[in-house]
Amino acid sequence: MGCCGSTQKTREWKPLEQRKCTDIPWLLLFILFNVGMLCICGFAIATGAASRLISGYDSYGNICGQKNAKIPGIELSGLNHTSRKYVFFLDPCNIDILGRKIKSVALCVSKCPDAELKTYEDLTTFSTVNGSQLCSYDVQPDTYSSNPNRETKCPKLPVHPSASIPVFHRCMPVDISCYAKFAEAFITFVSDNSVVHRVIAGVMTSKEIIMGLCLLALVLSLILMVVIRYISVLLVWILTAVVVVGSIGGTGILWWLYVDQSKSVNATLPAVELEVAKDNQKALLIYAIAATVFTVILLLLMFFMRKRVALTIALFHVAGKVFTYLPLLALQPFWTFLTLMLFWVYWITVLLLLGTAGSPVLNNQTGLVEFRMDGSLQYMVWYHAVGLIWISEFILACQQMTVAGAVVTYYFTRDKSQMPFTPIVSSMLRLMRYHLGTVVKGAFIITLVEIPRLILTYIHSQLKGKENACARCMLKACICCLWCLEKCLAYLNMNAYIATAINSTNFCTSARDAFFILAENALRVAAINSVGDFVLFLGKVLIVSCTAFAGVLSLNYQREYTVWVLPLIIVCVFAFLVAHCFLSIFEIVVDVLFLCFAIDTKYNDGSPGKEYYMDKALMEFVENTRRATERYNKSEGESGEMKSMTGGTLA
């Protein structure tokens with residue numbers, strides 16, 4: 001299980017030649033961890049939490065719809081609620097947002113009130129006719145009007161019509177205006193109820209347009225992944241022009257402001273204004289010098305990396321071609337999203353079960369029963385939280401390994417007609433048979449960094465406004481460092497998965513081999529990550545802009561929509577998420593192609609027996625680079641000969 005899986009200094013890469021199982025101990029550990037997750041789920045169900053969650057319970061610890069055992073010290077516990085299957089809240093609109101619960105006495109009733117009840121006489125009539133008491137169990141229906149404690153033991157008037165929530169048997173008001181305060185807590189920027197109604201009405205009446213625009217964003221993302229190879233050159237030139245013009249223009253403006261400020265500084269100004277003007281002049285001089293240094297360094301980097309930008313363009317071209325050979329790659333975000341959704345639904349369900357699996361405790365302040373988690377249950381919740389992060393990272397790592405395996409098969413297959421019928425399925429089967437332990441280990445490493453970062457983020461949010469400036473700065477610095485470390489490890493993990501897909505080595509050996517390859521191509525890596533990420537960012541902006549433009553035209557055509565803000569925000573957010581999901585697959589493909597290209601150029605030179613595996617576009621890049629190198633060496637040789645001849649003549 002250690003990271004010293006091999007002492008070999010150099011490795012001869014043999015793509016796709018042999019397969020073996022990797023990191024088996026980590027797979028066994030992951031299986032044991034998931035057995036623990038299932039045991040927690042079974043414990044939550046066995047302790048009766050499932051019935052409390054689904055059937056509901058009242059404020060005295062009784063589960064609705066069944067006979068209950070007496071809870072010591074609780075007067076109204078142990079009641080027979082076989083005929084009372086629904087939970088009724090005396091004040092359902094009193095919602096504690098921070099506590100994420102309804103601050104109200106809950107009772108088990110046989111029927112939810114389906115009409116508005118305005119007086120206590122109406123409560124008595126409803127209870128008599130339906131046999132469903134809406135006041136506390138120790139208050140008889142005929143005393144509702146005269147009971148001195150009716151303000152606390154009976155529902156708040158008027159009682160709004162309510163209906164049972166499917167599956168969960170809670171009586172909730174039908175009129176959503178009951179939750180006006182709850183909505184206002186989230187929509188803090190709105191002060192006029194008419195605005196809220198117009199916004200909500202705009203969303204509801206434009207739901208067909210919203211769905212159509214979301215579908216448009218999906219289609220645009222799919223199209224962009226195929227055609228980006230044709231527009232990558234244009235995007236790169238746009239990037240270059242923006243950076244050059246922006247840096248030079250910004251530097252020029254700073255120097256112009258400095259000269260203008262210098263002219264305004266003269267001895268005739270008052271002493272205070274003269275001092276301020278001189279300070280501004282010094283500040284502008286510092287800014288202008290810093291901007292000049294930054295611009296010069298940036299332009300030099302762009303000059304020396306200009307040839308490597310051509311590699312980024314070639315990789316984008318080949319990546320677009322990969323999607324034409326492997327169209328199922330476009331479906332990977334769907335399967336990953338579906339798997340994550342299913343797991344998150346399971347995780348939330350078990351968390352809710354754990355939340356109701358505690359022991360009944362009497363709250364001395366309210367006199368009501370609460371289910372609180374003791375020490376062992378708290379440890380289960382922490383274990384369950386670690387499972388959320390680890391398994392989620394495992395699912396994402398499986399996607400990366402699957403994509404890497406399919407692209408590696410494409411790259412290192414000389415005759416594309418000999419590829420498997422479905423390389424994606426073949427890659428997935430290889431992952432499940434050989435390399436699950438490797439992705440488990442990579443996901444665990446990310447989890448080790450992510451957990452302390454999330455804990456520090458939670459502490460920072462809880463102490464907001466209470467800690468001093470130094471502590472706040474230290475917390476933010478630690479969070480930032482952990483975030484950077486997480487991103488670096490995620491990038492190294494991705495390349496380790498690629499190396500595993502190529503050579504079938506364990507995680508640490510693959511990570512070491514991939515690191516050495518990346519270190520040998522550091523400038524190329526920098527060019528691809530900077531230029532490539534910006535090109536993909538432009539692609540996301542393009543998709544969001546096109547979707548938003550189509551949304552404006554569609555909503556403008558339908559004049560009945562008075563407020564466009566929320567529908568457009570929903571559409572733009574969804575368009576960005578869709579574009580990010582699909583273009584992240586494109587980014588993975590580019591990373592896989594680059595590592596394969598680096599290995600190919602290191603161990604092959606195009607001679608017989610060492611033919612390149614690469615695509616024609618990459619071959620052209622290699623040939624152009626080779627010609628440029630030969631021309632450079634030839635010119636250096638000629639200049640050396642001229643110097644030697646000149647030196648001999650002078651002698």
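The torsion about the S-S bond that joins cysteine 112 and cysteine 171 is about -75 degrees, so this disulfide is left-handed. The pair links distant parts of the chain, 59 residues apart, with cysteine 112 in the loop between S4 and helix H3 (120-130) and cysteine 171 in strand S6 (residues 171-173). The model discussed here is a predicted one, and it holds 3 disulfides. This briefing treats the disulfides, other cysteines, a surface patch and the cavities.

**The disulfide of cysteine 112 and cysteine 171**

- The sulfur atoms of cysteine 112 and cysteine 171 lie 1.8 Å apart.
- Cysteine 112 has a relative accessibility of 9%, and because buried means under 20%, this residue counts as buried.
- Cysteine 171 is likewise buried, with a relative accessible area of 3%.

**The disulfide of cysteine 64 and cysteine 108**

- Cysteine 64 and cysteine 108 form a disulfide in which the sulfur atoms are 1.9 Å apart.
- The torsion about their S-S bond is about -80 degrees, and the disulfide is therefore left-handed.
- Cysteine 64 is found in the loop between helix H2 (49-55) and strand S1 (86-89), while cysteine 108 is found in strand S4 (residues 106-109), so the pair ties together parts that are 44 residues apart in sequence.
- Cysteine 64 counts as buried, because its relative accessibility is 2%.
- The relative accessible area of cysteine 108 is 1%, so cysteine 108 is buried.

**The disulfide of cysteine 135 and cysteine 154**

- A disulfide joins cysteine 135 to cysteine 154, with an S to S distance of 2.0 Å.
- Here the torsion about the S-S bond is about 115 degrees, so the disulfide is right-handed.
- Cysteine 135 lies in the loop between H3 and helix H4 (150-153), and cysteine 154 lies in the loop between H4 and strand S5 (162-164); the pair therefore ties together parts that are 19 residues apart in sequence.
- Both cysteine 135 and cysteine 154 are buried.

**Other cysteines**

- For cysteine 214, the closest cysteine sulfur belongs to cysteine 572 and is 9.9 Å away, which is too far for a bond.
- The cut-off explains this result, because a disulfide requires a pair of cysteine sulfur atoms within 2.5 Å.
- Cysteine 214 is buried, with a relative accessible area of 14%.
- Cysteine 596 is also buried, and its relative accessible area is 0%.

- A nonpolar surface patch of about 940 Å² is made by Leu328, Leu331, Phe334, Trp335, Leu338, Leu342, Val425, Met428, Leu429 and Met432.
- Valine 425, one of the residues of the patch, lies in helix H12.
- The relative accessibility of valine 425 is 39%, so this residue counts as partly exposed.

**Cavities**

- The structure holds 2 cavities of 30 Å³ or more, and the largest cavity has a volume of about 50 Å³.
- The lining of the largest cavity consists of Phe316, Ile528, Asn529, Gly532, Asp533, Leu536, Glu587, Val590 and Asp591.
- At least two residues of that lining come from each of helix H15 (522-557) and helix H16 (565-603).
- H15 gives the most to the lining of the largest cavity, namely 5 residues.

Conventions: Residues are numbered from 1 along each chain as its sequence is written. This is a predicted model: local features need pLDDT of at least 70, side-chain atom pairs count only at pLDDT 80 or more; totals for chains, interfaces and linings use all residues. Side-chain values use heavy atoms; hydrogens and water are left out. Helices (H or I, at least four residues) and strands (E, at least two) are DSSP runs, numbered from the N terminus. Buried means under 20% relative accessible area, exposed over 50%, partly exposed in between (1.4 Å probe, protein chains only). Patches are made of residues with over 30% relative accessible area and no salt bridge: like charges are joined within 9 Å, nonpolar side chains (Val, Leu, Ile, Met, Phe, Trp, Tyr) within 5 Å. Accessible areas come from the Shrake-Rupley method with a 1.4 Å probe; for residues, only the protein chains shown count as cover. A salt bridge is a side-chain nitrogen of Lys or Arg within 4 Å of a carboxyl oxygen of Asp or Glu. On a 1 Å grid over the protein atoms alone, a cavity is a set of points where a 1.4 Å probe fits but cannot get out, and a pocket is an open set with protein on both sides within 12 Å along at least five of seven lines; lining residues have an atom within 4 Å of a point. Grid points are joined across faces, edges and corners, and a volume is the space filled by probe spheres set on the points.
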